[in-house]
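Please open the structure in a viewer and keep the selection panel at hand.

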Amino acid sequence: AERLEPARLEVHLTSPVEVKTEWTLVATPRSEKLELIRLSIAGTQATSLVLPVGSVWELAGDLPGFWVKRQLVEITSASDPKRIQVELWPLGTLRGKLAPCAASCSPPRRGLSCPAT
């Protein structure tokens, strides 16, 4: 059960490329008693949230052209701020060509290639 005692969650962003635009950190509570939080962040600046001890949150990011790994965070103590890293990655495109196996070849059990003939 959530307690009303507040705790600080420090969010630090890491990215292999420079982020010059504003993006949104989305914190979704696992409890129906708490409300979703949307926080605008400029570039890679660190930020913090004050959340109730005992609460559990899913953190995600919203920035067009980037992917943010979702994280589940439990707020366990008010005495020490919890620090997390949020990874922000530029989206990419994967291109390729799938070719069907020859009529005499059976589909592979693993991977995407047919056995050599």
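How many helices and how many strands does the protein have? The protein has zero helices and eight strands, where helices (H or I, at least four residues) and strands (E, at least two) are DSSP runs numbered from the N terminus. Read from the N terminus, the order of elements is β-β-β-β-β-β-β-β. This is a predicted model, in which local features need pLDDT of at least 70, side-chain atom pairs count only at pLDDT 80 or more, and totals for chains, interfaces and linings use all residues. Residues are numbered from 1 along each chain as its sequence is written, and side-chain values use heavy atoms, with hydrogens and water left out.

**The whole chain**

Display the surface of the entire protein. It exposes about 8500 Å², of which carbon and sulfur atoms supply 51%; such accessible areas come from the Shrake-Rupley method with a 1.4 Å probe, and for residues only the protein chains shown count as cover. Of the 117 residues, 27% count as buried. Buried means under 20% relative accessible area, exposed means over 50%, and partly exposed lies in between (1.4 Å probe, protein chains only). Contacts, defined as heavy atoms within 4.5 Å, also deserve attention. Among those between residues at least 6 apart in sequence, 55% join residues at least 24 apart.

Select residues 22–29, which form strand β2. Why is β2 described as largely enclosed by the rest of the structure? Six of its eight residues are buried, so the remainder of the structure largely encloses this strand.

Tryptophan 23 has isoleucine 41 in β3 as its bridge partner. In β5, alanine 60 stands opposite valine 26.

**The nonpolar core**

Select Leu9, Trp23, Leu25, Leu59, Ile75, Ile84 and Val86. Of the 21 residues in the largest nonpolar core, these touch the most other members. A nonpolar core is a set of buried Ala, Val, Leu, Ile, Met, Phe, Trp, Tyr and Cys residues joined through side-chain atoms within 4.5 Å. At least two residues of this core come from each of β1 (6–14), β2, β4, β5 and β8. The strand that gives the most is β1, with four residues. In soluble globular proteins, nonpolar side chains tend to be buried together.

Centre the view on leucine 9. Leaving aside neighbours within four places in sequence, its contacts include Thr47, Leu59, Ile75 and Ile84.

Move to threonine 47, which is found in strand β4 (residues 47–52). Threonine 47 is buried, with a relative accessible area of 17%. Apart from neighbours within four places in sequence, threonine 47 is in contact with Leu9, Glu10, Val11, Leu39 and Ile41.

**The salt bridges**

How many salt bridges does the structure hold? There are four, a salt bridge being a side-chain nitrogen of Lys or Arg within 4 Å of a carboxyl oxygen of Asp or Glu.

Select arginine 83 and glutamate 10, whose side chains meet in a salt bridge (3.0 Å, N to O). Arginine 83 lies in strand β8 and glutamate 10 in strand β1, so the pair ties together parts that are 73 residues apart in sequence.

Aspartate 62 belongs to β5 and arginine 38 to β3, so parts 24 residues apart in sequence are tied together.

Finally in this group, select Arg30, Glu58 and Arg70, which are linked in a network of salt bridges. Within it, the side chains of glutamate 58 and arginine 70 meet at 3.0 Å, N to O. Glutamate 58 is in β5 and arginine 70 in the loop between β6 (66–68) and β7 (71–74), twelve residues apart.

**A surface patch**

Conclude with Trp67, Trp89 and Leu91, which form a nonpolar patch on the surface with about 350 Å² of accessible area together. Patches are made of residues with over 30% relative accessible area and no salt bridge, like charges being joined within 9 Å and nonpolar side chains (Val, Leu, Ile, Met, Phe, Trp, Tyr) within 5 Å. Tryptophan 89 lies in strand β8 (residues 82–90) and is partly exposed, with a relative accessible area of 40%.

Notes:
Pairing = 2+ DSSP bridges.
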